[in-house]
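Come along and look things up with me.

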Amino acid sequence: MKNITLHTLAEMKSAGEKFSCLTTYDACFAQLVSKAAIEVILVGDSLGMVLQGNDSTLPVTLEEMAYHVACVKKGNQGALIMADLPFMSYATVEQAMDSSAALMQAGAQMVKLEGSAWLSDTISALSERGIPVCAHLGLTPQAVNKLGGYKVQGRGEDNASSMIEDAKKLEAAGASILLLECVPSKLAKSITESVEVPVIGIGAGADTDAQVLVLHDMLGISPGKNPRFVKNFMEGADSIQAAIENYANQVKSGEFPGPEHGFE
């Protein structure tokens, strides 16, 4: 696979071509994932749950994120590496710049942060300094205590309108990608059509420009009950590599996600 850049992803959106994203945390899986033609690797703070065994992403530190980014960088074969800024590592613009610098120096090519229009100044400052940003809207796991649990966001006309406006403001501030988690499929479609930057979805229906899943979820090895938006791609696959390739192919063809993976 050729090296994927933001320009590549923008061209894919313009052409109506879907792309795939998958969380990855080490060199071994980074090689498997990128060789399967997954365009974007997300080094997610989800590692706090699937690797560390915590009940949320909140305990993950910046140092731990930088460590895993560096591991992924060593195994990557051309995918674009996006890394989460962990909980309270971007509470101020200055802190966001310092935290982002640490992840970029470890090997990230883009950072992701969670929040709404209040992040506009932070995104502008990062973008002006050459740090690409993905803005994460909808269910934002770092705010799980504020949200009262892992619940679908954006239901109701007022909430939907607010999220569309937030998406436009974050794009205007300089966000290069938007990520929508657990929002109604119709709302995700409206947001995707309202912005020019690529939109990645997880539990956001089939009309976003791309899909992302947690690696351990799509391989069927996460303990407990998986969220509605997860599909076990190991079913019917004879290897992990085949499962990852099936995921990439089904995202590109539009087979995944199906209606059963979304929310009304």
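Before anything else I noted the pairing rule: two strands pair if DSSP finds at least two bridges between them. I also noted that helices (H or I, at least four residues) and strands (E, at least two) are DSSP runs, numbered from the N terminus.

I am reading a predicted model, in which local features need pLDDT of at least 70 and side-chain atom pairs count only at pLDDT 80 or more, while totals for chains, interfaces and linings use all residues. Residues are numbered from 1 along each chain as its sequence is written, and side-chain values use heavy atoms, with hydrogens and water left out.

**Entry: the barrel**

I started with the strands. I found that 8 strands close into a barrel in the order E1-E2-E3-E4-E5-E6-E7-E8, with parallel pairing. From one strand to the next, the twist averages 25 degrees. For angles I kept this in mind: axes are lines fitted to C-alpha atoms, for helices over the stretch in contact, and angles run from 0 to 180 degrees between N-to-C directions.

I then picked out one pair. Strand E3 (residues 80-84) and strand E4 (residues 110-114) run parallel and are joined by 3 bridges. In this pair, Ala83 stands opposite Val111 in E4.

Which strands does helix H11 touch? I saw that H11 (residues 240-253) packs on the sheet against strand E1 (19-23) and strand E8 (210-213). The direction of H11 makes about 145 degrees with that of E1.

**Entry: strand E6**

Is strand E6 buried or exposed? I used these cut-offs: buried is under 20% relative accessible area, exposed is over 50%, and partly exposed is in between (1.4 Å probe, protein chains only). In E6 (residues 177-181), 5 of the 5 residues are buried, so the strand is largely enclosed by the rest of the structure.

I looked at the two faces next. In a regular strand the side chains alternate between the two faces of the sheet. Here Ile177, Leu179 and Glu181 point one way from E6, Leu178 and Leu180 point the other way, and all are buried.

E6 has a partner on each side in the barrel order. With strand E5 (residues 133-138), E6 pairs in the parallel sense over 5 bridges, and His136 stands opposite Leu179. With strand E7 (residues 199-202), E6 pairs in the parallel sense over 4 bridges, and Leu179 stands opposite Ile200.

**Entry: helix H2 and its neighbours**

I looked up how H2 packs. The axes of H2 (residues 27-35) and H4 (residues 62-75) come within 7 Å and cross at roughly 50 degrees. Angles under 35 degrees count as roughly parallel, over 145 as roughly antiparallel, 65 to 115 as roughly perpendicular and the rest as oblique. H2 and H4 are therefore oblique to each other.

I took contact to mean heavy atoms within 4.5 Å. Ala27, Ala30, Gln31 and Ser34 of H2 meet Cys71, Val72, Lys74 and Gly75 of H4.

I turned to H11 again. H2 and H11 pack at an angle of about 45 degrees, with their axes 9 Å apart. They are therefore oblique to each other too. On the H2 side the contact is made by Phe29, Leu32, Val33 and Lys35, and on the H11 side by Ile240, Gln241 and Ile244.

**Entry: helix H6**

In H6 (residues 120-128), I listed Ser120, Thr122, Ile123, Ala125 and Leu126 as buried. The buried residues of H6 pack against H5, E4, E5 and helix H8 (157-173). Just after H6, I noticed that Gly130 takes a positive phi of about 85 degrees.

Ser99 is found in helix H5 (residues 93-106). At 5% relative accessibility, Ser99 counts as buried. Setting aside neighbours within four places in sequence, I found Ser99 in contact with Leu62, Leu85 and Ser89.

Ala160 is found in H8 and is buried, with a relative accessible area of 15%. Not counting residues up to four places away in sequence, Ala160 touches Gly154 and Leu187. The C-alpha atoms of Ala160 and Gly138 are separated by 9.9 Å, and the two residues are 22 apart along the chain.

Where does Thr140 lie? I found Thr140 in the loop between E5 and helix H7 (144-147). Thr140 is buried, with a relative accessible area of 10%. Leaving aside neighbours within four places in sequence, Thr140 is in contact with Glu114, Gly115 and Leu147.
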